[in-house]
Amino acid sequence: MRDALRELEVFFGNMLSSAFVGKVKETDKAESQAVITVERDGMQYDVKLKSIIDKAGSHMVAIPKKESFVFCVSEGNSKERYLAVALNEVEKVIYKGENIAFRLDDPAKTVALEVGDVSVKMDGKKVVFNDQANDSYLTNINSLVKRINALEEDLNTVKNAFKTWTPAPFDGGGALKAITAQWFVEAFVKTTVEDLKDDKVQH
């Protein structure tokens, strides 16, 4: 890729007043100002990233990785203002619109999407909704079904006990107690959020 950028430098250098391939040294101002610091032949330049920016502040910008190479051309005939038009390696992509925003961060392995008041973030291990604002979780459906089935089986045990029980004179319920003895032994444990939450999907 670096060789391809060098070919661009040679090709456009014959037509433009200034075009060069440089190494990215700093990206601190890339997100807020769409400007990076590029070094070439021991000299450093403030280079604008090719970005869409309007009056409302909406913008989209691709931020190169430090130590990667970018192809820069001068703005107009200026020898001091440069624009990066080709990137060797992209580290982040950021878009901010009026109602929608997204962010792709390759080093952090995260993807973030915002639409109005709703946000979704993914980091390769889990999906987080609305920054966990409600401190709750989406349900792990398999765990929920398992607990519902246990409750259903327990109720069926009681139903069968009553179904097979035959009242007897002067019994006082002794026969029913004997039939349901095993059922009384196994008590239910209260369900908690930890039992049902899906750690990979949070909101």
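## Overall composition

The protein chain exposes about 14,100 Å², of which carbon and sulfur atoms supply 55%. The model is predicted. Its chain has 203 residues, and buried residues account for 26% of them.

Six helices and 14 strands are present in the protein chain. Considering contacts between residues at least 6 apart in sequence, 51% join residues at least 24 apart.

## The barrel

Five strands close into a barrel, in the order S1-S2-S3-S7-S6, with mixed pairing. On average, neighbouring strands of this sheet are turned by 55° against each other, direction ignored.

Glutamate 39 has glutamine 44, in S3, as its bridge partner.

In soluble globular proteins, nonpolar side chains tend to be buried together. The largest nonpolar core here comprises 15 residues, among which Ile36, Val38, Val47, Leu49, Val70 and Cys72 touch the most other members. At least two residues of this core come from each of strands S1 (19-26), S2 (35-40), S3 (43-49), S5 (59-64), S6 (69-74) and S7 (82-87).

## Surroundings of valine 38

Neighbours within four places in sequence are left aside here. On that basis, valine 38 is in contact with Phe20, Gly22, Lys23, Met43, Gln44, Tyr45, Val47, Val70 and Cys72. Among these contacts, Val47, Val70 and Cys72 are also listed with Val38 as residues that touch the most other members of the largest core.

Definitions and conventions
Residues numbered from 1 in each chain as written. Predicted model: local features only at pLDDT ≥ 70, side-chain atom pairs only at ≥ 80, totals over all residues. Heavy atoms only, no water. Core = buried A, V, L, I, M, F, W, Y, C linked by side-chain atoms within 4.5 Å. Buried < 20%, exposed > 50% of the residue type's maximum accessible area, 1.4 Å probe, protein only. Helix = DSSP H or I, 4+ residues; strand = E, 2+ residues; numbered from the N terminus. Contact = heavy atoms within 4.5 Å. Areas by Shrake-Rupley, 256 points an atom, 1.4 Å probe, with all protein chains shown as cover. Pairing = 2+ DSSP bridges. Axes fitted to C-alpha atoms, helices over the stretch in contact; angles between N-to-C directions.
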